[in-house]
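User: I am new to this structure and would like to know what the labels put on it rest on. Please go through them one at a time.

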Amino acid sequence: MAADPLDAYIDAVSNALALPIEEAWKRAVKANLEVVAEAGAAGG
Amino acid sequence: MNSRCLTKPSRPVSLQPDTAMIENPDDLSALEIAQAVTGRKMSALGVTEAALARIAKHDSILNAFTDVTADRARAKARAVDAAVAAGHNAGPLAGVPFAVKNLFDVQGLSTRAGSKINRDRRPSPRDATLIERMEAAGAVLVGALNMGEYAYDFTGENVHDGSSRNPHDVTRMTGGSSGGSGGAVGGGLVPLALGSDTNGSIRVPSSFCGIFGLKPTYGRLSRARSFPFVASFDHLGPFARRVDDLALAYDAMQGPDTEDAACTTRPVESVTPLLTQDIGSLRIAVAGGYFQNNVFPEASEAVARVAEALGITRVVEIPEAARARAAAYVISTTEGASLHLDRLRQRPDDFDPAVRDRLLAGAMIPAPLVDRAQKFRRWYRAQVLELFKSVDVIIAPATPCVAPKLGQATFVLDGVELPVRANIGIHTQPISFIGLPVVAVPVPLEPMPIGVQIIAAPWREDIALRVAYALEHAGVVAAPRPRGF
């Protein structure tokens, strides 16, 4: 089980959307998610 | 001095009235080619063979083309020559070679959109609307061009087809995502190319490759039968090495199209006859704040040269441009993810990993953030339209820097190390986000050129092109062929 809330979020959403995310990709996906979320906070 | 007096009579665009055949079309503009072909000083087939020879000679270095449609081009050129011989009007682009970013449908080719996945699509049964319109005007399609995967790119690098290379320095990026379009026109392989611009993908390669590019008003040119990225701000437009060529191509492609729901029903508003109109009465300002920060010295120098030539003393603030860029980022990644969701599920290993990981992140963004970005967009558009009540043209950098080295991952901007890939478009995104028309003009700095955006109010491409034309004829902006090409 993921200890970091964002890791847990990625696991949950990828399961819900049936997106196959390999372990090796998670770091980059998480980094991108953080950037987009930051942009979302700034651009709203 | 108000150098708006730089508006001079147009350069002599007509060919000399001699009857000698022109043997080498390599240095001719699109307009000069069309005049030579219709004047029977040159055959369309000869022009086409010369373009194919240039591609054969230089494309192994530039990697601009992914497909060369030689047989089709020769057939079209022969048809143009036959029309001329029969005394028919062969069109304003008679015999002019052009090429298109490979997200345009080309009959008989799979529309790859820079991807590996799309190569499995069946060949397109019909050309994109804009190709049909260019060919109806007499132009000759010679091929399809390299691009960043699914247009989600500012670099011109492509893991499947290899990077397109900058003709001014082949160790540098062309910019993207219309990288092949920038390289092909910048290197003189073709006088005209078409590309797409969602967040800057026409203006960035124009800047890095030292050529002119037009991103029209959102909805002005049909996108029918092209592969999308972010439908709510995807635009198509032309690249050229002269402003009158840009205008000729743009005029040929205008007009309603029921096959693109966003395409305007406005009638064709030709700009070519307006290029030489005086610009002295135009209210022109430089964009301040966000657009004066976040730049390398060469970008500031380019804007300063243009501003000085135009006699600009006024600075205007485009309100909340940083938020606009952020909102554009959110909408791009989420709309892009929505478009590619099935491909992400079924063929994730066949994406460029960098593109895939951004799209996967986009698929996970909560809807309230997207909704806020869309609401902000409406507010921002209203604010900028209000600004255009007091100004006709706004000048801004096209890119923060000249073309970075291929593979360069970061640059240091205002003391902060930032990823290149994500930040090349910081000055273009706030503009395309609300669909404003922009002409990117090349300032020929040494050793590398860099572009400046000439931004106008919606549907006023004519104004932006007139300013670009005046600057070109004053010698402030230009797109000379690089050494070796």
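User: Where is B:Ser177 found?

Analyst: This is a predicted model. B:Ser177 lies in the loop between β5 (169-173) and α5 of chain B.

User: What is the omega of the bond that joins B:Gly176 and B:Ser177, and is that bond cis or trans?

Analyst: Omega is about 10° there, and the bond is cis. Most peptide bonds are trans. B:Pro447 sits in the loop between β14 and β15 (450-456) of chain B.

User: What makes helix α5 of chain B largely enclosed?

Analyst: A residue is called buried when its relative accessible area is under 20%. Eight of the eight residues of α5 (residues 179-186) of chain B are buried, so the helix is largely enclosed by the rest of the structure. Among them are B:Gly179, B:Ser181, B:Ala184 and B:Val185. After α5(B) comes B:Gly188, with a positive phi near 75°.

User: Why is B:Arg54 called buried?

Analyst: Its relative accessible area is 8%, and the cut-off is under 20%, so B:Arg54 counts as buried. B:Arg54 belongs to helix α2 (residues 44-62) of chain B. Leaving aside residues up to four places away in sequence, B:Arg54 touches B:Pro25, B:Asp26, B:Asp59, B:Gly188, B:Leu189 and B:Val190.

User: How do you know whether B:Arg225 is buried or exposed?

Analyst: B:Arg225 has 17% relative accessibility; buried means under 20% and exposed means over 50%, so B:Arg225 counts as buried. B:Arg225 also has a positive phi of about 60° without being a glycine. Its place is the loop between β7 and β8 (235-240) of chain B.

User: Which strands stand at the edges of the sheet in chain B, and why are they called edges?

Analyst: Eleven strands of chain B form an open sheet with mixed pairing, in the order β1-β3-β2-β6-β8-β7-β14-β15-β11-β9-β10. β1 (65-68) and β10 (315-316) each have a single partner strand, so one side of each is left without a neighbour in the sheet.

User: What makes β7 and β14 of chain B a pair?

Analyst: Two strands pair when there are at least two bridges between them. β7 (residues 212-215) and β14 (residues 438-443) of chain B share three bridges, so they pair, in the antiparallel sense. B:Lys215 has B:Val438 in β14(B) as its bridge partner.

User: How many salt bridges and polar contacts are there between chain B and chain A?

Analyst: There are zero salt bridges between chain B and chain A. Three residue pairs are in polar contact, both residues at pLDDT 80 or more. On the side of chain B that touches chain A, the elements giving two or more residues are α9 (321-346), α10 (353-363) and α11 (367-387) of chain B. α9(B) gives the most, with nine residues. By class, this side of chain B has 16 nonpolar, one polar and seven charged residues.

User: How much area do chain B and chain A bury between them?

Analyst: They bury about 2,100 Å², with 71% of it on carbon and sulfur atoms. The contact takes 24 residues from chain B and 24 residues from chain A.

How values were computed. Residues are numbered from 1 along each chain as its sequence is written. Chains are lettered from A and ligands numbered from 1 in the order in which they are written. This is a predicted model: local features need pLDDT of at least 70, side-chain atom pairs count only at pLDDT 80 or more; totals for chains, interfaces and linings use all residues. Side-chain values use heavy atoms; hydrogens and water are left out. Contact means heavy atoms within 4.5 Å. Buried area is the accessible area (1.4 Å probe) that two parts lose on being put together, summed over both. A salt bridge is a side-chain nitrogen of Lys or Arg within 4 Å of a carboxyl oxygen of Asp or Glu. A polar contact is a pair of N or O atoms within 3.5 Å; within protein, one must be able to donate a hydrogen and the other to accept it, and residues adjacent in sequence count only if both atoms are side-chain atoms. Helices (H or I, at least four residues) and strands (E, at least two) are DSSP runs, numbered from the N terminus. Ala, Val, Leu, Ile, Met, Phe, Trp, Tyr, Cys and Pro count as nonpolar, Asp, Glu, Lys and Arg as charged, and the others, Gly among them, as polar. Buried means under 20% relative accessible area, exposed over 50%, partly exposed in between (1.4 Å probe, protein chains only).
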